[in-house]
Amino acid sequence: MTKATIVKMPNTKQFEFGGLNLQLRLDGNSILSIEKRLDESIVGLFLKGQGEAKIPATNKLLIVLQGANQTSNVSESDIVAAFGRYVDEGHSTLDLFATINELLEESGFFGNKKTEKEATNGESLDNEPEAPSELL
């Protein structure tokens, strides 16, 4: 697919991967499908038994990529072939890991990050409440 023929779907992450233009999105169905194929939770990919961080095997990253892909007519064998081209282009498995991690963050998979102002609606517990101003 050329870039000119790609229509960006809402709430997707565009990813050029070994000659494929993928649109990635993690919704409820894709998460369930991915976890069924992996036989573990997506969070389990990134954590060891003692809670230590780990980098998942490349084949597991490709399962997440395939499950999150919203582009039509892209088979698993297309993803595997594209991975070979992706590596030949000078990318590494750590680059793929970073993209999957960004996708998970953008999808809110690790929770929503709120600024302090958003979390408190601008109110502070440190300030004394102001007395209402008297009418003139």
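This is a predicted model: local features need pLDDT of at least 70, side-chain atom pairs count only at pLDDT 80 or more; totals for chains, interfaces and linings use all residues.
User: How are the rings of Phe15 and Tyr86 arranged, stacked, tilted or edge-to-face?

Analyst: The centres of the rings of Phe15 and Tyr86 lie 6.0 Å apart, and their planes stand at 70 degrees. Planes over 60 degrees apart count as edge-to-face, and therefore the arrangement of Phe15 and Tyr86 is edge-to-face.

User: How many residues apart are Phe15 and Tyr86?

Analyst: Both Phe15 and Tyr86 are buried, and their pair links distant parts of the chain. Phe15 belongs to strand 1 (residues 13-17), whereas Tyr86 belongs to helix 4 (residues 76-88), and the separation is 71 residues.

User: What kind of pair do the rings of Phe46 and Phe97 form?

Analyst: For Phe46 and Phe97, the ring centres are 5.7 Å apart and the planes are at 50 degrees. Planes under 30 degrees apart count as stacked and those over 60 as edge-to-face, with the rest tilted, so the pair of Phe46 and Phe97 is tilted.

User: Is Ser30 buried or exposed?

Analyst: Ser30 is placed in helix 1 (residues 28-38), and, not counting residues up to four places away in sequence, Ser30 touches Arg25 and Gly67. Its relative accessible area is 6%, and since the cut-off for a buried residue is under 20%, Ser30 is buried.

User: How do helix 1 and helix 3 run, roughly parallel or roughly antiparallel?

Analyst: The axes of helix 1 and helix 3 (residues 58-68) come within 9 Å and cross at roughly 150 degrees. Angles over 145 degrees count as roughly antiparallel, so helix 1 and helix 3 are roughly antiparallel.

User: How many charged residues are in the contact of helix 1 with helix 3?

Analyst: Helix 1 passes helix 3 in a right-handed crossing, where Ser30, Ile34, Arg37 and Leu38 of helix 1 meet residues of helix 3 including Lys60, Ile63 and Gly67. The residues of this contact divide into five nonpolar and three polar, and those that are charged number two.

Conventions:
Residues are numbered from 1 along each chain as its sequence is written. Side-chain values use heavy atoms; hydrogens and water are left out. Helices (H or I, at least four residues) and strands (E, at least two) are DSSP runs, numbered from the N terminus. Buried means under 20% relative accessible area, exposed over 50%, partly exposed in between (1.4 Å probe, protein chains only). Contact means heavy atoms within 4.5 Å. Axes are lines fitted to C-alpha atoms, for helices over the stretch in contact, and angles run from 0 to 180 degrees between N-to-C directions. Angles under 35 degrees count as roughly parallel, over 145 as roughly antiparallel, 65 to 115 as roughly perpendicular and the rest as oblique. A crossing is left-handed if the near helix is turned anticlockwise from the far one by less than a right angle, and right-handed if clockwise. Ala, Val, Leu, Ile, Met, Phe, Trp, Tyr, Cys and Pro count as nonpolar, Asp, Glu, Lys and Arg as charged, and the others, Gly among them, as polar. Rings of Phe, Tyr and Trp (its six-membered ring) pair if their centres lie within 6.5 Å; planes under 30 degrees apart count as stacked, over 60 as edge-to-face and the rest as tilted.
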